[in-house]
Each structure stands twice: as C-alpha cells, then as structure tokens.
Number of protein chains: 2
Amino acid sequence: MVGAENVLVDAPARLARATGLSYLDLVRRRRPTVDFPVPDAVVLPADPDEVQAVLDVCVRHDVGVVPFGGGTSVVGGVAALRGEKTSVIALDLVRLDALVSVDAESRIAVLQAGVRGPEAERLLAGHGLTLGHVPQSFERATIGGFAATRSAGQASSGYGRFEDMVTGVRLATPRGPWKLGVAPASAAGPDLRQLAIGSEGTLGVITEVALRVRPAPPVRRYEGYALPGWTAGAEAVRDLAQHHALADVTRLSDVDETEVSLALNAGVKTAALRRYLAARGVRRPCFLIVGWEGTAHDVALRRRETARRLKASGAVRVGKALGESWRHGRFAGPRQRDTLLDMGICVETLETAAYWSNVDELRDDVRAALTAALGKAIIMCHISHAYETGASLYFTVLTARDEADPAGQWQRAKAAACEAIAGLGTISHHHAVGVDHAPYLSAEIGALGVEVLRAAKSAVDPTGILNPGKLV
Amino acid sequence: MVGAENVLVDAPARLARATGLSYLDLVRRRRPTVDFPVPDAVVLPADPDEVQAVLDVCVRHDVGVVPFGGGTSVVGGVAALRGEKTSVIALDLVRLDALVSVDAESRIAVLQAGVRGPEAERLLAGHGLTLGHVPQSFERATIGGFAATRSAGQASSGYGRFEDMVTGVRLATPRGPWKLGVAPASAAGPDLRQLAIGSEGTLGVITEVALRVRPAPPVRRYEGYALPGWTAGAEAVRDLAQHHALADVTRLSDVDETEVSLALNAGVKTAALRRYLAARGVRRPCFLIVGWEGTAHDVALRRRETARRLKASGAVRVGKALGESWRHGRFAGPRQRDTLLDMGICVETLETAAYWSNVDELRDDVRAALTAALGKAIIMCHISHAYETGASLYFTVLTARDEADPAGQWQRAKAAACEAIAGLGTISHHHAVGVDHAPYLSAEIGALGVEVLRAAKSAVDPTGILNPGKLV
C-alpha cells in the first residue's frame, strides 16, 4: 500500500532507525557488533491515510510500530523495542513533508509530521511567517517529534513551548483516525490535546499538527550580559520572568559554563572582557544571553524594559558579539560530540525544571550526585527556559570515559542525577520520557497517573502495538 | 467521620445543592413541585483527608458523589443525578476554605477547593498577592469549581485562563489520593494536570489547587472605546491579540449589546455620547472595554501600546466612565435574572470560541439559529477572551417567556445554537460540559476522545461513583 520502494529491509536502513542520539546510543553504535534492537523493516508512508493503512495492517498482524521522525531522541524514545510482539517496524514519517494549509487571519498553519525544523521555517517563510521553535535538535527533528515529546525551543520565553503553539493535532491510531482542536481554548472537558502532546507515539502516530504561527520577524537582536555569580543571575532571570520582561531567548550560564565559554573564546576578547567585568565588580561572571525578535518598534520597546530591569539586578552589558556568537554556534553542540568521543571523553546532557524556590537546591543536588558518581568531571549548567513560577536547568557533563564500561559509567551517573531530581523537579523539562526516564515517571505523576495513561492507551491501542516499552 | 453536624438530610439543605444556576434551573425551581433530582444527603468534609475518607465509604456502599462548590454551574454540572446508583450525596466542599501555603519566591499559593473567589482574594491580599481570576460567577464560585470546569475570568487576557494559573492539583479519587504538578512545565509524558482540569468531578474530587499568583496591582485603569461596527471591532481586538497589545481585560460588545448598554445608560450621557461618536464617523458603535492592572509604570507602558494600536484601528476613545461603570456593574448580570424572570422574560447566556477565520460566521450562525427558534428576541454578543488564534463569543438572549413550556422553549433554542456551533467552534469556552453539553462532546473530541475519557475514569473510579451522568 505504500509501494515496495517504501518498505526497506536492508541492514543500513534498519540500523539508521534503530536508535536516537543519546550518549548511550553513540557508545552503542561504536561497538564492533550490533547488540541493540533493530527494527525488522522500515516503512515510509506518504500521507496520513497511508499511516492509518499501515497501522491497520500492523494491528491485523500484531506488529509493533515505532514512529520515527528525526531520530534525535536522547532518552531512547525511538529504540526498536518489540515488547511482547514478535515483529516491529520503524514507521518513518519523513515523507509526510507538506505544509497542508495556512490560515493567515487566525495565524495557524497545518504542517505534516515529517517536516523538519529548517524545512518548516522555509515553508512558512514563503507566507511571511515563522514558527519560532528552535530546540537544539532543530536541524534534524520533525514537527511530529516536537509534539510527541513536548519539545521546548531556545526561544521558548518568546514563542512558547511547542505545546503552547499547538492548536490542533491529527493522529492515526489502531482504533482509527483521531483529530483534536477546534478552538484556541475550550472548557469542553479536559484538554485532550495535552494528552496527545507528550504521548511519545504510545497513543497514536501524530500525522499533522496545526500550529500558531507569527509574522517572520524583520529584526533579530541578540546580546550578552554578565551577572556576578549564579545566585545573582538566577535572581535576575526570575525578576524578568515575574515582570513580563523576558527576552524571547533568555539563557543564563552558571560560572562553570561561562568559564568554559570564555576558555573557548566565544567571539569576544577574553582577557579584556575579564578586566572590563572585574572593574565593574563581576569577578566570577555568569553570562546571560538575551535575544528579541519582532518589529523594530517592538524589539526596541521590549529591549529597553529588559535592559532597565537587568541593570537594576546588577547585570553588566557585554554587548552584541556575545549574543551573536551564541546564536551562530547554537547547533554546534550535538555535532561536536563525536569528536569528543574520539578523544575519549564522555559527554552528555540532562535537564529538569523546578519551581523557583527549588532551583538552587536542585542544581546543587544534581551537581553533587554527578560528582559523586563520576569523580573528576566538568559540570556546566544553564537556565534556558524561564517561567513566572520556575525555570529549567540544563546540565552538560564532560568526564574521562571509562573505557572498560562507558555505558555503565554514564548510566550510574544519570541514575544518581535522576534520584536527585525526583521530589525537587520534573524528570524532564523537554527531553521526554522514552525508555531512560520511564522508571522515574510514577514518582512524578503517581502510580494512579501511570494507570490513567495505560487506560488511555488501552482505549486507543488495545493490542499494544504502538511504541512498545516507551513512556509507561 | 465528618461529625454528625456535617451530614445534612433536611429538605432545604438537600434542595440547595440540587441544581446550579442555569435558566432551566431557575425555571425548575419556580415550579410548585420538585420534579428534579435531589441528593439524598449533603456531606461537608473539613479537609482533603475527610474528602478521601468519605469517598472510601461511598465506594464501599456504592453511593454516587456529586462534588459541590459554589453551585454556579449553568450546564447542569451539579445536578444530583444518580446514574445506576441507588443513592447519591452532594459533597459540599465549602469547609475546605484554607490558604494552605504561599511560596512568595515561586509566586505560588495553594488554596483549598472550597475557597470562594472573594475569599481567595482576601486571603492572598494578606500576602500582597492576587489571583486575578474574576469570572462572572466570582462572588459564589470556588477554587475547586474553577479548576473542575476550566473557568476563564474577565481578565483572562492578562491573568490567563484558570488552567494557565494552575501549577498543581490534589485530588481525592476512589482509588486514593492523586497529586500532580512538580514543575512549571514538563516533558514527562502528557500533561495530566490538563486532564484533571476540566474533569468536572468525574475523575476525582479536587481538594487543593496550587496556583500561580501575582503581586496585588497598585493601579487599575479601565476605560472605554467605541469601534465603528462589529467587523471593525473584531479586527481591532484581533490586531491587539496578534501584537501582544491586549489589555488585561479586553471586551468588545456588538452593536446590539452596545445599544442595550446605551439604553440602560451605562454611566455616560447617552445623547451627547452618540453625537460625539457620530461626529467621528461612528454611527453604529461597538463598545470596547479595556482594563490594565499592575504598577503605574507597567500600566502606563502597556496602555500606551494598546491605545496606539486602537487608534490605528479606527477606535474612538470614550473615556474612563464607561470602563469604570462596566467594572463596577460586572457581577450584576446574574443577580438581575430573577427580576427578569418575574417580568415574564426568558434570559440566558451561551458561549463558544473559534479561530479568527470562523468568528464572524459563527456569530452569524448562532444568531440565526436563535432567531429561528425563538422568533422575536434580543440577542447580544461580545468577545471577552481573545487569543492570537481566535476569540470567545458570549451571547445573551432575552425573549418573552413561553409560559406554557418555558423549559422547552429554551431547550429548543439552545439545541439550535449548539448545532450551529458544532463544526465551527467549541461547545463551551468556559461554562464546561455538565449535562447540557454532553450530547455535543463527541463531535468535538471524537468518539475516540470520549472513549479515552471513559477509560481514564474507569482507571480512577472503577465503580463509577463520581458525578454520574456528567461530561461523558
């Protein structure tokens, strides 16, 4: 039904859809033998109807289905687990690559699930529009993946998290098609869109997403500030968030991340900058990147407000170069990982979010847990998403790789970090649950929450073919 | 377990918790005989633990439970239906009246479910805080009810809908306590808070709600504008919403509502005002109420932006009196209904929301449906909640009461309006589903959506004691 050329059974095609991009995935893929699960076939439907038809066949033959978009999961979300099924396919959605419709008056665009970040922006730019969703996975990840994982982009303070952008969602399920979202807001019972978003392929295959879009911004202005230490920095970001003065991008690095950034010379003259900051009382700087996007009028107006508040918080302006340097390098991180791996370095990230009164303790606890587990390590942290009630914390960890057991080394560290997170924050702010975070989910949403998710799954997927072994 | 004095079986107590406040409820209550279901008893637990204990007993004895807060439902949400149960109680939460905790740093306050609107503001004012949730039911409705129904207040453009304020929720369920919400945002699977919010007592009894709060605003500034007709008015509101220039309160009346407001002399000198507007080209005015709340600096800044955009949209400023007059009279509507009923008038409201490209058609269709069903009627409409992608529409209908069959008269009109809404908008923007909207839910969320809700309910309420006959 999808055409023979769209069913791939060769080893390279199957291997390419067997894992995501976590450190554990990279380590696994470097081993001489394939000791991780690989899908039995890759199926590439062309449109939502073909997705539904493939699901119907998989129900009939009791075949597991792993929806596959950009393959950028860092939590095992696309692992080819088969659960109790004897066969499993990777359902690659890359051919669902269309901009379906644009409602300029309502500022809504419907995009198919397989559209990648840059292509979404290119398609929308043809209408003078932007989505503004720019996570670090932007270059490869897809619209369907953003929705399935509750993604949050680097400009989430301005454009919102992905779930804030979704007005509607269309899914294929083993029980048939399912469409949600008829109004910007509703009191017609629970918001089931928020059940579909974050369902990670377990409640259906997302085939189309209706998204709130905005005019492409004529002006983008990025710049850097330095705050005297983490506490002052976090206070300054909280002040912005609680006074509606956040820039569209607001990203605060802690002292360790700032030092690494200075050591790598992030587009600024480091020694001169250190002297400049020291003269203004900032001896252990925390860099803050702020960026605004919009019309010249709006950017000027909002920038003035942010600047006014930052000044009152003791921030020292570093200038445009720092902001632009961050903006141009912001997708480099994932690309550098293979090089670091070649150098014998274990490099990975993890993230959480908490209410403001827990943020400092959570950062301390996660750092302590990682240090205890790894010994000597560089642990960097930043806030990249701020809310009135709290903020995200994003950790980057570098340590010498344990060549005898590289996977175990990281698994122990990650488990220690997850234990530290439970009770103080969420197990994931924007990476999702997948396989890696599943053991911690019931601590967060309760055993009853897990049962509710399982009940919802049974209703739409009674034989359990959808993404076996993920989420719950 | 709650004390004998907190179990009421006298007729007045039971009757007082037998209905909400819809027109149909008022009509029913005026009949000489009680021909609507009444709970067998009213139970008033003191705290979340007692709520849980009462539920446990009701599970054991298979007794239906209707959670009862302010009793302001206008969709039959608190009707004492017993479904397949032989007994049903009204679980009145009014004794859960405490401010549990305040986290000033995170701007979060935990309130018990039975706290009414004014009391919530009074409790928070003691900490210099406000919730800012002011629906028309404010004076009687409760925190738990706001959450259970996905309420939206008149200042929703500034403070957000109630679900935007909720950071956490605690429920008592037949399967035990359930607590949700550990961070401002999360990618740890679907957002189950958004399943609990809007569940209308069918998935558990909400006992506590953690809410994002804000500093009590030192300045409140309300004023009025007039737009030349509905289309120009809706365009002006859309322009504000899509340029982040909405006032905290933004409420646009159509020509009919404006004429009634002028006829009732809404605090302004009517004839002089008509001349003033006509001289500026506004012959069929639509009033727009805009209100800002915050610091003097913020109100001035935001007011300037709103005014700038409104001027460009052709709005004529009417002044402070109109805004203040609306603000002071805004809870009067529900209170006037009994007087109108005494005068032989059928008066009721209904509401929906749609994407901008559907707003005009939806308004026309609902008006046409109501007119066809009722004959001669005054039908007024306003937008009271605006979003980037769409807006709410709120209709007030007045017509001569059919004394032979007042309930049937309205039921037929309401059914016609609901049919007109289905396909273009949501069956409810902020009144919820209850009994009255239940027949239209599956058209909106799909038969599969209804099954998912039923499955979730079975997981937490396997014997179906919670609010029988509501929502699904």
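## Report on a predicted two-chain model

Arg107(B) sits in the loop that joins β5 (99-103) and β6 (108-112) of chain B. Helices (H or I, at least four residues) and strands (E, at least two) are DSSP runs, numbered from the N terminus. The phi angle of Arg107(B) is near 55 degrees, a positive value in a residue other than glycine. Arg107(B) is buried, with a relative accessible area of 10%. Buried means under 20% relative accessible area, exposed over 50%, and partly exposed in between (1.4 Å probe, protein chains only).

The model is predicted: local features need pLDDT of at least 70, side-chain atom pairs count only at pLDDT 80 or more, and totals for chains, interfaces and linings use all residues. Residues are numbered from 1 along each chain as its sequence is written, chains are lettered from A and ligands numbered from 1 in the order in which they are written, and side-chain values use heavy atoms, with hydrogens and water left out.

Arg150(A) also has a positive phi near 55 degrees. Arg150(A) belongs to the loop between α5 and α6 (156-159) of chain A. Its relative accessibility is 2%, so Arg150(A) counts as buried.

**Arginines over rings**

A charge sits over a ring if NZ of Lys or CZ of Arg is within 6 Å of the ring centre and within 35 degrees of the ring normal.

| Arginine | Ring | Distance from ring centre |
|---|---|---|
| Arg363(A) | Trp230(A) | 4.5 Å |
| Arg280(B) | Tyr276(B) | 3.8 Å |

**Aromatic pairs**

The structure holds four aromatic pairs over all chains. Rings of Phe, Tyr and Trp (its six-membered ring) pair if their centres lie within 6.5 Å; planes under 30 degrees apart count as stacked, over 60 as edge-to-face and the rest as tilted. Phe146(A) and Phe162(A) form a tilted pair, 5.4 Å centre to centre with 55 degrees between the planes. Phe146(A) lies in helix α5 (residues 143-149) and Phe162(A) in helix α7 (residues 162-165) of chain A, so the pair ties together parts 16 residues apart in sequence. Both Phe146(A) and Phe162(A) are buried.

**The annotated active site**

UniProt lists Tyr394(A) under "active site" in an unreviewed entry. UniProt positions are given in the numbering used here, feature names are shortened, and annotations may be inferred rather than shown by experiment. Tyr394(A) is in strand β18 (residues 390-400) of chain A. Tyr394(A) is buried, with a relative accessible area of 9%. Contact means heavy atoms within 4.5 Å. Beyond its neighbours within four places in sequence, Tyr394(A) is in contact with residues including Gln136(A), Glu351(A), Cys381(A), His382(A), His430(A) and His431(A).

**Helix α12 and the chain pair**

Helix α12 (residues 296-312) of chain A has 17 residues. From first C-alpha to last it reaches 24 Å, close to the 24 Å expected at 1.5 Å a residue. The expected span is 1.5 Å times one less than the number of residues. Among the buried residues of α12(A) are Val299(A), Glu305(A) and Arg309(A). Their cover includes β12 (219-228), α9 (230-242) and β14 (285-294) of chain A, together with α12 (296-312) of chain B. Just after α12(A), Gly314(A) takes a positive phi of about 85 degrees.

Chain B can be laid on chain A with an RMSD of 0.0 Å, by a turn of 180 degrees and a shift of 0.0 Å along the axis. That is the relation of a two-fold axis. Copies are superposed by least squares on the C-alpha atoms of residues with pLDDT of at least 70 in both. 100% of the interface residues of chain B are also interface residues in chain A, so the copies meet through the same surface.
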